[in-house]
Amino acid sequence: MNIAVIGTGYVGLVTGTCFAETGINVTCVDIDKKKVDMLRNGEVPIYEPGLDALLERNIDKGRISFTTSLQKAIKDCDAVFIAVGTPPDEDGSADLKYVLGVAREIGQHMEDYKVIITKSTVPVGTSFKVKAAVEEELVSRGVRIPFDVASNPEFLKEGSAVDDFLKPDRIVVGIESKRAEKVMNRLYKPFLMNGHPLLFMDIFSSEMTKYAANSMLATKISFMNDIANLCELVGANVDLVRKGIGSDTRIGNKFIYPGTGYGGSCFPKDVQALVRTADEYGHSLEVLKAVEAVNYRQKTTLVEKIKKHFGENLKGKQFGMWGLAFKPKTDDMREAPSLVIIEQLKAMGANIRAYDPVAMEEAERILGNSIEYAKDEYDVAIDADALIVVTEWSEFRMPNFRILQKLMNEQTIFDGRNVYDPEEMEEIGFNYYSIGRAAIK
Ligand code: NAD
């Protein structure tokens with residue numbers, strides 16, 4: 001089979017590479033020529049564990065290629081995946097200009113039957129907008145070419161995207177014809193071993209499933225953060241509460257870790273977009289509105305603790321920051337809590353020196369010289385009045401605290417991920433602040 005994947009971001013590149021791994025011929029398209037040039041040389045423009053080796057193997061086997069020409073890519077292919085970005089519009093709704101732009105381009109160039117699959121996260125009904133955009137172009141060309149649309153939302157997680165794609169919890173496909181179902185079945189058959197389910201449904205339900213999934217996960221995070229904040233006030237320890245509730249199988253022990261709020265390119269924008277869609281239908285999603293509000297507040301929780309410790313004027317204070325990416329194992333900084341913390345500390349006059357194992361380049365692109373960039377995790381601590389842990393990279397889990405103490409000006413740690421044991425920190429001699437563990441601090 002031949003497929004084209006439009007957009008080579010986190011989703012498009014992983015999708016294309018994993019399909020190539022099954023033996024399918026994949027042509028990936030991106031409008032970003034620099035990205036395409038890098039990929040042609042086997043260089044992966046994003047950080048995603050395991051992707052570089054997989055890509056190299058499939059380039060060597062000639063199963064995956066890269067181009068800026070959508071016209072060339074869709075020639076002779078059975079299916080086209082649209083995997084371009086759907087960033088939030090000014091009002092929070094999903095901006096569909098990239099998705100619909102690609103749909104029009106497909107309509108301008110297709111010559112034979114294809115299944116056109118929306119993999120980008122899009123509001124309910126978008127696949128039918130894709131269909132209308134393709135049809136409009138075919139009509140203006142004066143040609144009648146059969147095609148089907150399908151919805152195939154992606155559930156991969158940055159940081160374990162390759163594994164998630166190769167061994168998915170489930171694959172959701174929305175279809176409206178038997179012909180499209182057959183194509184999708186063939187494409188995904190290699191991924192169904194070991195019982196990974198392929199769920200066919202109508203297109204509306206498929207599009208809704210993606211938003212409902214991300215919104216449920218965001219709800220778990222905000223719920224736990226809110227409980228953590230209350231734990232501090234009543235003198236409870238959220239880590240114990242988490243274990244206590246997580247052992248109930250109806251609740252489960254995943255995704256109930258408190259922290260500095262959710263970020264990334266998906267949860268914030270998808271929750272917002274679903275709230276907008278519901279508003280448009282005259283239905284207010286009260287739970288999700290609260291989830292957003294709690295998350296907004298949570299991103300400032302460490303800053304509040306810092307203000308309590310140092311006061312509101314941070315002029316001349318030096319802060320070391322561990323972690324910039326919105327979560328470990330990625331270089332993605334979209335909506336990262338670190339950005340909010342940096343902005344607020346800078347506004348109070350603080351200096352910040354930061355280190356992240358992979359997101360330094362991306363941070364420099366976004367933050368320029370507004371902060372200093374350290375060469376490693378200990379460099380961050382030199383003359384620091386406090387260390388702030390924002391992203392729980394595994395290399396921050398067991399640092400040499402004695403070295404930190406020697407380097408730091410004042411021995412204070414603000415831990416936004418509850419990485420360390422409060423009792424041990426007290427024994428070593430740190431002022432230690434974490435999330436929802438008031439019993440200790
Ligand atoms: P991204 O921003 O990393 O990549 C999008 C790519 O599309 C870019 O390389 C861009 O240059 C390219 N592009 C834009 N317009 C194009 C065009 N007309 N032709 C060809 N290429 C074009 O985005 P992403 O993180 O991969 O997300 C893509 C979609 O998948 C979004 O809708 C997102 O919500 C969804 N999604 C993302 C994740 C994730 O973890 N990142 C997970 C599941 C779903």
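At what angle do helix H9 (residues 203–234) and helix H11 (residues 267–280) pack? The angle is about 115°, and the two axes lie 9 Å apart. The model is a predicted one, in which local features need pLDDT of at least 70, side-chain atom pairs count only at pLDDT 80 or more, and totals for chains, interfaces and linings use all residues. Residues are numbered from 1 along each chain as its sequence is written.

Helices (H or I, at least four residues) and strands (E, at least two) are DSSP runs, numbered from the N terminus. Axes are lines fitted to C-alpha atoms, for helices over the stretch in contact, and angles run from 0 to 180 degrees between N-to-C directions.

H9 and H11 are therefore roughly perpendicular to each other (65 to 115 degrees; under 35 is roughly parallel, over 145 roughly antiparallel, and the rest oblique). H9 passes H11 in a left-handed crossing (the near helix is turned anticlockwise from the far one by less than a right angle; clockwise would be right-handed). On the H9 side, the contact (C-beta atoms, placed from the backbone, within 7 Å) is made by Tyr 211, Asn 214, Ser 215, Leu 217 and Ala 218, which meet Phe 267, Asp 270, Val 271, Ala 273 and Leu 274 of H11. Seven of these residues are nonpolar, two polar and one charged (Ala, Val, Leu, Ile, Met, Phe, Trp, Tyr, Cys and Pro count as nonpolar, Asp, Glu, Lys and Arg as charged, and the others, Gly among them, as polar).

The ligand has 26 residues around it, the closest being Gly 7, Gly 9, Val 11, Ser 120 and Thr 121 (near means a C-beta atom, placed from the backbone, within 6 Å). H1 and helix H5 (97–109) are the elements that each give two or more residues to this shell. Its residues comprise 11 nonpolar, 10 polar and five charged.

H5 in turn packs against helix H6 (residues 126–141) at about 35°, with axes 7 Å apart, in a right-handed crossing.

Notes
Contact = placed C-beta atoms within 7 Å.
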